[in-house]
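Please look over the sequence and the model below. The report that follows takes the strands, the surface and the pocket in turn.

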Amino acid sequence: MKTSAILCCTLMQLAYNANAQNVGIGTSNPTKGRLEVVGVAGLGSTNAIFGSSSSGITLQQNWPTIGFNQYRDNTAGNGKFMATGYAAIQTMNPANGIMLI
């Protein structure tokens, strides 16, 4: 009984410690969120892709953008489809905060 109580407390502490940590990709000290991704792939502005084999969404930096079935992989700013069909973006002008479609 005593051993199982100690084991249970130890497992609860390990689970708490694992959940209390932030995760960083491209940074060694993530402090702004539970998941912090710094940097882009290649020459583009895409930080993260969720999905991609049959469409998905992307998070892009610079002019902060959410891409729907779309990503950017070059400095020219050209969007590319993730899959066939329609693609769209929701972006924000960082100079004035206006949201654009």
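## Terms and model

A strand here is a DSSP run of type E with at least two residues, and strands are numbered from the N terminus. The model is predicted.

## The loop at Gly-33

Gly-33 sits in a loop that runs between strand 1 (23-25) and strand 2 (35-37). Is Gly-33 buried or exposed, or in between? Its relative accessibility is 25%, so Gly-33 counts as partly exposed. Partly exposed covers the range between the buried cut-off, under 20%, and the exposed cut-off, over 50%.

Val-23 lies 10 residues from Gly-33 along the chain. The C-alpha atoms of Gly-33 and Val-23 are 8.2 Å apart.

Strand 4 spans residues 56-60. One face is covered and carries Gly-56, Thr-58 and Gln-60. Ile-57 and Leu-59 are on the uncovered face.

Strand 4 pairs with strand 3 (residues 46-51). The pairing is antiparallel and has five bridges. Within it, Thr-58 is the bridge partner of Ile-49. Four residues separate the strands of this hairpin, and Ser-52 has a positive phi near 125°.

Strand 4 also pairs with strand 5 (residues 65-68). These two run antiparallel as well, joined by four bridges. Leu-59 stands opposite Ile-66 of strand 5. The hairpin of strand 4 and strand 5 has four residues between its strands, and here Asn-62 takes the positive phi, near 70°.

## The nonpolar patch

Which residues make the nonpolar surface patch? They are Phe-50, Ile-57, Leu-59, Ile-66 and Phe-68, and the patch covers about 410 Å². Strand 4 and strand 5 each give at least two residues to it. Ile-57 and Leu-59, both in the patch, are the residues of strand 4's uncovered face.

Phe-68 belongs to strand 5. Phe-68 has 39% relative accessibility and therefore counts as partly exposed.

## The largest pocket

The largest pocket has a volume of about 170 Å³. Its lining includes Ile-25, Leu-35, Val-37, Asn-47 and Ala-48. Phe-50, Leu-59, Gln-60, Gln-61 and Thr-65 also line the pocket.

Which strand supplies the largest share of this lining? Strand 3 does, with three residues. Strand 2, strand 3 and strand 4 each supply at least two. Phe-50 and Leu-59 line the pocket and also belong to the nonpolar patch.

Technical notes:
Residues numbered from 1 in each chain as written. Predicted model: local features only at pLDDT ≥ 70, side-chain atom pairs only at ≥ 80, totals over all residues. Heavy atoms only, no water. Buried < 20%, exposed > 50% of the residue type's maximum accessible area, 1.4 Å probe, protein only. Pairing = 2+ DSSP bridges. Patch = residues over 30% accessible without salt bridge, like charges linked within 9 Å, V, L, I, M, F, W, Y side chains within 5 Å. Areas by Shrake-Rupley, 256 points an atom, 1.4 Å probe, with all protein chains shown as cover. Salt bridge = Lys/Arg side-chain N within 4 Å of Asp/Glu carboxyl O. 1 Å grid on protein atoms, 1.4 Å probe; cavity = no way out; pocket = protein on both sides within 12 Å on 5 of 7 lines; lining within 4 Å. Points joined across faces, edges and corners; volume = space filled by probe spheres on them.
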